[in-house]
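Hello,

Here is the structure we talked about handing over. My notes follow it.

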Amino acid sequence: MKQGESKDMGMEAEIRVLLADDEPVVRSAIGALLETDPRFRVIASVGTAAAAADAATSLRPDLAVIDVRMPGGGGAAITAIRAQSPETVVMVCSSHDDGQTRRSMVQAGAVAYAVKGADDVLDMARSALGLS
């Protein structure tokens, strides 16, 4: 699936998710939230940009949820994921909510930006994938 295209997801389809955040508790919470929708399954949970790039290369997830501030940086993670797994839709989930950070993540290749504690991550993930 190319970024920006809608994926035809029936109820049986599985959306494979890569989570990248340096806080294990946050990764766990985001994963648990996404998996309340039975279509989503977390296939990798990592804490650095390098580990996110490696996981994207080997696993080819449908969706990557990336934090901005982690070892190696969210922008580097997004750039590497887009280069290694161009079919992966990338969204950001961060506590940072400023225009410059948002723009830099979109420029790196993110299609959605959720603010932790303010935005509904599951709804944004569904929207980024073209799901209802």
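Helices here are DSSP runs of H or I with at least four residues, strands are runs of E with at least two, and both are numbered from the N terminus. On that basis the protein chain has five helices and five strands. Note that this is a predicted model.

Along the sequence, the pattern is β-α-β-α-β-α-β-α-β-α. The radius of gyration is 13 Å, close to the 14 Å that the globule rule gives for 132 residues, so the protein chain is as compact as a globular protein of that length. Its C-alpha atoms fill a box of roughly 35 × 30 × 25 Å along the principal axes. Of the 132 residues, 46% count as buried. Among contacts between residues at least 6 apart in sequence, 66% join residues at least 24 apart.

The largest nonpolar core has 22 residues. Leu18, Ala52, Ile66, Ile78, Ile81, Val92 and Met105 have the most contacts inside it. Elements giving it two or more residues include β1 (15–20), α3 (74–84) and α4 (99–108). α2 gives the most, with four residues. Another core, of 19 residues, lies apart from it; Ile30, Ala114, Val121 and Leu131 are among its members.

α3 deserves a look. Gly74, Gly75, Ala77, Ile78, Ile81 and Arg82 are buried there. These residues sit on the same side of α3, because they cover an arc of only 160° around the axis. Their cover includes β1, α2, β3, β4 and α4. Leaving aside neighbours within four places in sequence, Ile78 is in contact with Ile66, Val90, Val92, Met105, Ala108, Gly109 and Ala110.

Best wishes

Key
Residues are numbered from 1 along each chain as its sequence is written. This is a predicted model: local features need pLDDT of at least 70, side-chain atom pairs count only at pLDDT 80 or more; totals for chains, interfaces and linings use all residues. Side-chain values use heavy atoms; hydrogens and water are left out. A nonpolar core is a set of buried Ala, Val, Leu, Ile, Met, Phe, Trp, Tyr and Cys residues joined through side-chain atoms within 4.5 Å. Buried means under 20% relative accessible area, exposed over 50%, partly exposed in between (1.4 Å probe, protein chains only). Contact means heavy atoms within 4.5 Å. The arc is that of the directions from the helix axis to the C-beta atoms. The radius of gyration is taken over C-alpha atoms; the globule rule is 2.2 Å times the number of residues to the power 0.38.
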